Amino acid sequence: MGSQFGTLNQIDLAVPCLGLIMLIITGPYLRRQCRPSGSIGALRQLAPAQLAPAPMRTLALITMGHGMAFPLAGASLIVVGLLDLSLRLLRRGRRARPAA
């Protein structure tokens, strides 16, 4: 059992598996060690990042290139982008209405 793909391939696949197991084990431990005492350690909401037009354009072009190379990933990016846009518009609409 397990000899179909060879010993080297098994070792090659075991290394990332062991790394993932280590991350799963050490993640909660490190989180508990680094959080402020007496609180859950949730981060404050940060101000939205403002990128200059050139890096933003470059990022958009790279994302579109990847979306064309991998159509399913591109479709999921479009769906998530539309969902994000609709949630932003809904929140903006709720803020604009006066409280009744």
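Analyst: Asp-84 counts as partly exposed, at 36% relative accessibility. The scale has two cut-offs: buried is under 20% relative accessible area, exposed is over 50%, and partly exposed is in between (1.4 Å probe, protein chains only). This is a predicted model, where local features need pLDDT of at least 70, side-chain atom pairs count only at pLDDT 80 or more, and totals for chains, interfaces and linings use all residues. Residues are numbered from 1 along each chain as its sequence is written, and side-chain values use heavy atoms, with hydrogens and water left out.

The partner of Asp-84 is Arg-88: their side chains meet in a salt bridge, at 3.4 Å from N to O. The criterion is a side-chain nitrogen of Lys or Arg within 4 Å of a carboxyl oxygen of Asp or Glu. Arg-88 counts as exposed, because its relative accessibility is 53%. The structure holds one salt bridge, and Arg-88 with Asp-84 forms it.

Both residues sit in helix α3, which covers residues 71-96. Helices are DSSP runs of H or I with at least four residues, strands are runs of E with at least two, and both are numbered from the N terminus. Arg-88 and Asp-84 are four residues apart, about one turn of the helix.

Gly-93 is partly exposed, with a relative accessible area of 29%. From Gly-93 to Ser-76 is 17 residues in sequence and 26 Å in space, C-alpha to C-alpha.

Now helix α1, residues 7-34. Yet α1 has a kink of about 30° at Thr-26, shortly before the proline Pro-28. The bend is the angle between axes fitted to the seven residues ending at a residue and the seven starting there. Thr-26 is partly exposed, at 29% relative accessible area. Thr-26 lies 47 residues from Ala-73 in sequence and 31 Å away in space, C-alpha to C-alpha.

Helix α1 also holds Ile-21. Ile-21 is partly exposed, at 40%. With Leu-18, Met-22 and Ile-25, Ile-21 makes a nonpolar surface patch of about 400 Å².

Last, the whole protein. The secondary structure comes to three helices and zero strands. In sequence order the pattern is α-α-α. The radius of gyration is 22 Å, well over the 13 Å that the globule rule gives for 100 residues, so the protein is more spread out than a compact globule. That radius is taken over C-alpha atoms, and the rule is 2.2 Å times the number of residues to the power 0.38. Along its principal axes the C-alpha trace spans about 70 × 50 × 30 Å. Buried residues make up 3% of the 100 residues. The accessible surface comes to about 9800 Å², with 70% belonging to carbon and sulfur atoms. Areas come from the Shrake-Rupley method with a 1.4 Å probe; for residues, only the protein chains shown count as cover.

Conventions: Patches are made of residues with over 30% relative accessible area and no salt bridge: like charges are joined within 9 Å, nonpolar side chains (Val, Leu, Ile, Met, Phe, Trp, Tyr) within 5 Å.
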